[in-house]
Amino acid sequence: MPPHMDGYGQKKKNKKELIAMQGYSEVDPLTAHQWAADGEAVIIDVREQNEIAQASINGAIHLPMSAFDPDLIPTDTGKKVVFICAQGARSEQVRQYVVAQGILTEAYNMAGGLMAWAEAGLPLETGPLSS
């Protein structure tokens, strides 16, 4: 069997193709912002309420990971779904979960989370600093 074929006579897929096949994708803050501004995506923030109170993205849906309810994900809008947290770790876990469970066939994790969004100079709603 040729080296580019798997044991079933199918062309082997590289890691990037496998990731795309599984609906696992990462998106940078500028792209996520543009998608949301153009009405192409919905942003879902999985941070906790105390984090949201300090800073949030206008228009993002708040579904905290600690009480995550996949039934609240808008799955019938035809829009891309971008998950976000503080640095990208929790949102990546949620993204993998919703794709693995078949809730979404494709979902995006925003690379670097809210920290990267802020570092890119994108708009934030800020609340009072905790004392």
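Contact here means heavy atoms within 4.5 Å. By that criterion, among contacts in the protein between residues at least 6 apart in sequence, 64% join residues at least 24 apart. The structure is a predicted model. The protein comprises five helices and seven strands, and along the sequence these follow the pattern α-β-α-β-α-β-β-β-α-β-α-β.

**Overall composition and surface**

- Of the 131 residues of the protein, 34% count as buried.
- The accessible surface of the protein comes to about 7,900 Å², and carbon and sulfur atoms account for 52% of that surface.

**Strand S2 and its partners**

- Strand S2 spans residues 41–45, and five of its five residues are buried, so that the strand is mostly covered.
- Both faces of S2 are covered: Ala41, Ile43 and Asp45 are buried on one side, while Val42 and Ile44 are buried on the other.
- S2 pairs with strand S5 in the parallel sense, over five bridges.
- Within this pairing, Ala41 stands opposite Lys80 in S5, and Ile44 stands opposite Phe83 in S5.
- S2 also pairs in the parallel sense with strand S4 (residues 61–62), over two bridges.
- Ile44 stands opposite Ile61 in S4; Ile44 therefore has a counterpart in S5 as well as in S4.

- Strand S5 covers residues 80–84. Four of its five residues are buried, so S5 is largely enclosed by the rest of the structure.
- S5 and S6 run parallel and are joined by two bridges.
- The bridge partner of Val82 in S6 is Tyr108.
- From S5 the chain crosses through helix H4 (residues 89–100) to S6, and this β-α-β crossover is right-handed.

- The structure holds one aromatic pair.
- Trp35 and Tyr108 form this pair, which is edge-to-face, with 4.9 Å from centre to centre and 70° between the planes.
- Trp35 lies in helix H2 (residues 29–37) and Tyr108 in strand S6 (residues 107–110), so the pair ties together parts that are 73 residues apart in sequence.
- Trp35 and Tyr108 are both buried.
- The ring of Trp35 also has the charged end of Lys80 over it, 4.4 Å from the ring centre.

**His33 in helix H2**

- His33 has its place in helix H2.
- With a relative accessible area of 24%, His33 is partly exposed, because the buried class requires a value under 20%.
- Leaving aside neighbours within four places in sequence, His33 is in contact with Trp117, Leu122 and Pro123.
- His33 and Pro123 are 90 residues apart in sequence, yet 9.1 Å apart in space, C-alpha to C-alpha.

**Glu51 in helix H3**

- Glu51 lies in helix H3, which covers residues 49–54.
- The relative accessibility of Glu51 is 19%, and Glu51 therefore counts as buried, the cut-off being under 20%.
- Apart from neighbours within four places in sequence, Glu51 is in contact with Ala86 and Arg90.
- Glu51 and Gly127 are separated by 76 residues in sequence, whereas their C-alpha atoms are 9.7 Å apart in space.

**Ser56 in strand S3**

- Ser56 lies in strand S3, which consists of residues 55–56.
- At 13% relative accessibility, Ser56 counts as buried.
- Not counting residues up to four places away in sequence, Ser56 touches Arg47, Leu124 and Glu125.

Conventions
Residues numbered from 1 in each chain as written. Predicted model: local features only at pLDDT ≥ 70, side-chain atom pairs only at ≥ 80, totals over all residues. Heavy atoms only, no water. Buried < 20%, exposed > 50% of the residue type's maximum accessible area, 1.4 Å probe, protein only. Phe/Tyr/Trp six-rings, centres within 6.5 Å; stacked < 30°, edge-to-face > 60°. Lys NZ or Arg CZ within 6 Å of the ring centre and 35° of its normal. Areas by Shrake-Rupley, 256 points an atom, 1.4 Å probe, with all protein chains shown as cover. Right-handed = clockwise from strand over helix to strand, strands pointing away.
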